[in-house]
Amino acid sequence: MSLIPYESFRKFNNMRKELNRFFPFDIDFPQNIDVLKMDVYETDNEVVATVDIPGVEKKEDLTIKIENNNVLSISGIINRANEVKDDHMYTQERFTGRFERSIRLPTPVAAEKEAKATYKNGVLEIRMLKLHDQENNQKQIGVEFH
């Protein structure tokens, strides 16, 4: 059985196709701007999350937290330099602004020193060691930029 990711604007795509049949111009709807694309898997010793976040320029613009040892929260901001003024913009599909996503992890993980995050070429990878003794707290993870 294959998994199909949830796409909050999937119904709008069908509506857009129907409207485009009747009008000679395209009607644009947002394309999944509210969801960070994320893969989460586990090995014997760790849980790994890989997230596509193109456009983050500084590690200060990215915040990663592990809450209650089993909820991974990622938030931040994407600022684009040298943007074109709105009155000259033909189409704008690249996301700018704040984003946030939280996901429940498959197993409790250790945070702080045991978790490592790297960001390279628009992809954030977070490696978290599985936790054997359960502690309930919240810790922030630093990001290593390349």
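Tutor: The dialogue below sets values against definitions, term by term. The model is predicted, so local features need pLDDT of at least 70 and side-chain atom pairs count only at pLDDT 80 or more, whereas totals for chains, interfaces and linings use all residues. Residues are numbered from 1 along each chain as its sequence is written, and side-chain values use heavy atoms, with hydrogens and water left out.

Student: What makes a stretch of the chain a helix or a strand, and how many of them are there?

Tutor: Both are DSSP runs numbered from the N terminus: a helix is H or I over at least four residues, and a strand is E over at least two. The chain has one helix and nine strands. Their order from the N terminus is α-β-β-β-β-β-β-β-β-β.

Student: Why is Ile64 called buried?

Tutor: Buried means under 20% relative accessible area, exposed means over 50%, and partly exposed lies in between (1.4 Å probe, protein chains only). Ile64 has a relative accessible area of 0%, and therefore counts as buried. Ile64 belongs to strand S3. Across the chain of 146 residues, 29% are buried.

Student: What makes strand S2 mostly covered?

Tutor: Strand S2 spans residues 46-52, and five of its seven residues are buried.

Student: How do you know that S1 and S2 pair?

Tutor: Two strands pair if DSSP finds at least two bridges between them. Strand S1 (residues 37-42) and S2 are joined by six bridges and run antiparallel. One example is Tyr41, whose bridge partner in S2 is Val48. With three residues between them, S1 and S2 form a hairpin.

Student: In what order do the strands of the open sheet run, and which are the edge strands?

Tutor: The order of this five-stranded open sheet is S1-S2-S7-S6-S9, and its pairing is mixed. S1 and strand S9 (143-145) are the edge strands, since each pairs on one side only. On average, neighbouring strands of this sheet are turned by 15° against each other, direction ignored. For such angles, axes are lines fitted to C-alpha atoms (for helices over the stretch in contact), and the angles run from 0 to 180 degrees between N-to-C directions.

Student: What makes a group of residues a nonpolar core, and which residues have the most contacts inside the largest one?

Tutor: A nonpolar core is a set of buried Ala, Val, Leu, Ile, Met, Phe, Trp, Tyr and Cys residues joined through side-chain atoms within 4.5 Å. The largest has 25 residues, and those with the most contacts inside it are Ile53, Leu72, Ile74, Leu124, Ile126 and Met128. Two or more residues each come from S2, strand S3 (62-67), strand S4 (71-78), strand S6 (116-120) and S7.

Student: With which residues is Ile74 in contact?

Tutor: Contact means heavy atoms within 4.5 Å. Leaving aside neighbours within four places in sequence, the contacts of Ile74 include Leu36, Met38, Val51, Ile53, Leu62, Phe99, Leu124 and Ile126.

Student: Why is the link between Lys130 and Glu42 called a salt bridge?

Tutor: The term requires a side-chain nitrogen of Lys or Arg within 4 Å of a carboxyl oxygen of Asp or Glu. In the pair Lys130 and Glu42, the closest N and O atoms are 2.7 Å apart, and the pair forms a salt bridge. Lys130 lies in the loop between S7 and strand S8 (138-141) and Glu42 in strand S1, so the pair ties together parts 88 residues apart in sequence. Glu42, at 41% relative accessibility, is partly exposed.

Student: What makes Glu46, Glu125 and Arg127 a network?

Tutor: Salt bridges link these three residues. Glu46 meets Arg127 at 2.3 Å, N to O, and Glu125 meets Arg127 at 3.3 Å. Glu46 is buried because its relative accessible area is 18%. Arg127, at 28%, is partly exposed, as is Glu125 at 26%. By this rule, the count comes to three salt bridges.
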